[in-house]
Amino acid sequence: MTTPAPPVTEPDPSALTCPGDQVGPCAACQRKTHKYGRGGCPLCQWCMAPAREKWGPGVRYINTRS
Ligand SMILES: [Zn+2]
């Protein structure tokens, strides 16, 4: 599952589907991404994928009592 990221001059797909005033630069690569508002994320999906892999998809819901 390794999708090569497009050049950082290409906006993240999420930036094209959200209101323009919620678009901002990715915290890591400065690519335009859906950064603000509901559903926004400081990282573009290309930077988010490896981060999510590292943290795990349920990082907020880890059951510490297991
Ligand atoms: Zn990025």
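Trainee: Why does Pro11 count as partly exposed?

Mentor: Set the value against the cut-offs. Buried means under 20% relative accessible area, exposed means over 50%, and partly exposed is in between (1.4 Å probe, protein chains only). Pro11 has 31% relative accessibility, so it counts as partly exposed.

Trainee: What should I keep in mind about the model?

Mentor: This is a predicted model: local features need pLDDT of at least 70, side-chain atom pairs count only at pLDDT 80 or more, and totals for chains, interfaces and linings use all residues. Residues are numbered from 1 along each chain as its sequence is written, and side-chain values use heavy atoms, with hydrogens and water left out.

Trainee: Where is Pro11, and which residues does it touch?

Mentor: Pro11 sits in the segment before H1. Contact means heavy atoms within 4.5 Å. Setting aside residues up to four places away in sequence, Pro11 touches Leu16, Arg31 and Lys32.

Trainee: Why is the link between the side chains of Gln22 and His34 called a polar contact?

Mentor: The definition asks for a pair of N or O atoms within 3.5 Å; within protein, one must be able to donate a hydrogen and the other to accept it, and residues adjacent in sequence count only if both atoms are side-chain atoms. The Gln22–His34 contact is 2.8 Å.

Trainee: Now the metal. Which residues are the protein donors of the zinc ion?

Mentor: Donors are N, O and S atoms within 2.8 Å of the metal (3.2 Å for Na, K and Ca); water is not among the atoms, so sites may look incomplete. The SG atoms of Cys26, Cys29, Cys44 and Cys47 lie 2.3 Å from the zinc ion, and they are its protein donors.

Trainee: Why is the site of the zinc ion called tetrahedral?

Mentor: Four donors count as tetrahedral if all angles lie between 85 and 135 degrees. The 4 donor atoms here make angles of 105 to 116 degrees, and the site is tetrahedral. The ideal angle for four tetrahedral donors is 109.5 degrees.

Trainee: How are the donor residues spaced in sequence?

Mentor: The spacing is C-x2-C-x14-C-x2-C. Cys26 lies in the loop between strand E1 (23–25) and strand E2 (32–34), and Cys44 in the loop between E2 and helix H2 (45–55), so this pair ties together parts that are 18 residues apart in sequence.

Trainee: Are Cys26 and Cys44 buried or exposed?

Mentor: Both are buried. They also belong to the largest nonpolar core.

Trainee: What makes a set of residues a nonpolar core?

Mentor: It is a set of buried Ala, Val, Leu, Ile, Met, Phe, Trp, Tyr and Cys residues joined through side-chain atoms within 4.5 Å. The largest one here has 7 residues: Cys26, Cys29, Cys41, Leu43, Cys44, Met48 and Ala51. Cys41 is in the loop between E2 and H2. Not counting residues up to four places away, Cys41 touches Thr33, His34, Lys35 and Met48.

Trainee: One last residue. Why does Gln30 count as exposed?

Mentor: Its relative accessible area is 53%, so Gln30 is exposed. Gln30 lies in the loop between E1 and E2. Gln30 has a positive phi of about 70 degrees, although it is not a glycine.

Trainee: How much of the whole protein counts as buried?

Mentor: Of its 66 residues, 23% count as buried.

Key:
Four donors count as tetrahedral if all angles lie between 85 and 135 degrees; four count as square planar and six as octahedral if opposite donors are over 155 degrees apart and all others between 65 and 115; anything else is irregular. Helices (H or I, at least four residues) and strands (E, at least two) are DSSP runs, numbered from the N terminus.
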